[in-house]
Amino acid sequence: MNRIYVKTDLMASYGDTTGLVYKGSIPQVSETFGYVYGFYACINDRQLAIGESTFGGKDVMKSDRGMFNLYELTRLMAERCATAREAIELADELLMKYGYNDGGECLTIADTKEVWMFEVVGPGQGKVGAVWAAQRVPDDHVSVNANSARIRRIDLKDKANFMASKNVFSAAEEMGLWDPKSGEPFEFCYAYGDRASMWARRREWRVYDLLAPSLKLDANQENFPFSIKPEKKVSVEEVMKIFEDTYEGTEYDMTKFMLVKDGDGKFVKSPYANPFMNYDQMPLWKINGALGEMGERGIARYYCVYFTVTQSRDWLPDPIGGVVWFAWDNPATTCHAPLYCGIADVPPSWKLGGPGGRPAYTEESAWWAFNRVSVISAHRWGDMRKDVYAVRDPFRRQAFDEQKRIDDEALKLYREDPRKAVDFLTTYSSDFCARITDAYWKLGDDLFTKYDEKW
């Protein structure tokens, strides 16, 4: 079984608790697993993969007493757990005992058998603990979290598909967020968050509409199905393309109004039109004739720090079966490197990046190579995107075309000696990282040269 899911990490911290530092300790365990780490843990060497999306939650639920923020929680999940259920159970154990001090967050947690969506908020000011719920994504389905809570009704009798903290209902009642006597059903996303964000809802719609257009979902509706079955099997490459999306070709295209006359006097989209404008430069969105406060927010964002797609494949040994396709910066312009979960290292330049760890501009950090291309290409996106794709796409095609060969060679070595497979995959992944980084440094230089002072 091949589990694929996506995670983007944005520098913005919507609703996160910041500035809280708590010292404490928890008991050590006898064995820990290795893992690939961005700002959050991405995948460990048991093929457990973790993604993150902030939804903020209601301010009343934030705690100033907890020891854990989400970053530390994902690291411990990756270090100590081999399955999604184990990760959720560990979260319950740690957060209830030591407390959660972060804002409302969603973790998408996958292993080779299951994918779960785990949503968590604090227990309220002055309290130690957490409130959480988790729902399983059905086999052959796709779900999406785009910075808004998604879990609605919870059926705790259905243990195959739902899990929750013991206080999931009582905390809402105590905080005045839900009255069981009202006759209204309990819905996690409304009790502890909301569904007001059009930014989130539009992106949820877009993912579903691309994968199952026959559903004809309304882009302005408040709620969508928790998950859907795509009309055809979805590949890693198709997932990457979804996360490059900026609503181009839809009525929500942020650049559709940026027109110029061509040589025949017809209005065409300007080569300077780009979907990565600041929000105050975008057209306002409308719902039922009412204007929204800010413009659209596409799936691909220029301030994305890193972007991952992971694979957990049960027919291969763990060090080979788990892959995180890791890419720095804007999903629309970047290039992924296949990092096998069993690798022992990455190039030094790939260790200098991400929020909190990124240095000032330096060619010693790979992040800047990809960010520079993103920033430059946005200035004349209509033309420069072609140059970006001309560099990116051959690497992407090569990686997909040779994946089976790399898997087979690694498996052969693994049967001889697992350490040989680790060395082989480490060399392969590190070399791929180095090659795309060099290519993007050159691409940035070429864009400067080719388009300098061009009319």
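Q: In this predicted model, at what angle do the axes of helix 8 and helix 9 cross?

A: Helix 8 covers residues 366-378 and helix 9 covers residues 381-416. Their axes cross at roughly 145° and come within 8 Å.

Q: Which residues make the contact between helix 8 and helix 9?

A: Helix 8 supplies Val373, Ile376, Ser377 and Ala378. Helix 9 supplies Trp381, Met384 and Val388.

Q: How many residues of this contact are nonpolar, polar or charged?

A: Six are nonpolar and one is polar. No charged residues take part in the contact of helix 8 with helix 9.

Q: Where do nonpolar side chains tend to be in soluble globular proteins?

A: They tend to be buried together. Now take the case here. The largest nonpolar core has 121 residues. Ile109, Tyr192 and Trp350 touch the most other members. Helix 10, residues 418-451, gives the most to this core, with eleven residues.

Q: Which residues does Trp350 touch, not counting those up to four places away in sequence?

A: Trp350 touches Phe326, Trp328, Ala337, Ala366, Phe370, Cys433, Ile436 and Thr437.

Q: Which residues are in another core, apart from the largest one?

A: That core has five residues, among them Ala300, Ala332, Ala378 and Trp381. Ala378 and Trp381 also belong to the contact of helix 8 with helix 9.

Q: How far apart are the closest N and O atoms of Lys62 and Asp59?

A: They are 3.6 Å apart, and the two residues form a salt bridge. Asp59 is exposed, with a relative accessible area of 59%.

Q: Which parts of the chain does the pair Glu237 and Arg397 link?

A: Glu237 is in helix 6, residues 236-242, and Arg397 is in helix 9. These distant parts are 160 residues apart. The side chains meet in a salt bridge at 3.1 Å, N to O. Arg397 is partly exposed, at 36% relative accessibility.

Q: Why does the pair Glu248 and Lys269 tie parts together?

A: Glu248 lies in the loop between helix 6 and strand 11, and Lys269 lies in strand 12, so the pair joins parts 21 residues apart in sequence. Their closest N and O atoms are 4.0 Å apart. Glu248 is partly exposed at 38% relative accessibility, and Lys269 is partly exposed at 33%.

Q: Which residues are linked in a network of salt bridges?

A: Arg85, Glu114, Arg136 and Asp139 are linked in this way.

Notes:
Residues numbered from 1 in each chain as written. Predicted model: local features only at pLDDT ≥ 70, side-chain atom pairs only at ≥ 80, totals over all residues. Heavy atoms only, no water. Axes fitted to C-alpha atoms, helices over the stretch in contact; angles between N-to-C directions. Helix = DSSP H or I, 4+ residues; strand = E, 2+ residues; numbered from the N terminus. Contact = heavy atoms within 4.5 Å. Nonpolar A, V, L, I, M, F, W, Y, C, P; charged D, E, K, R; others polar. Buried < 20%, exposed > 50% of the residue type's maximum accessible area, 1.4 Å probe, protein only. Core = buried A, V, L, I, M, F, W, Y, C linked by side-chain atoms within 4.5 Å.
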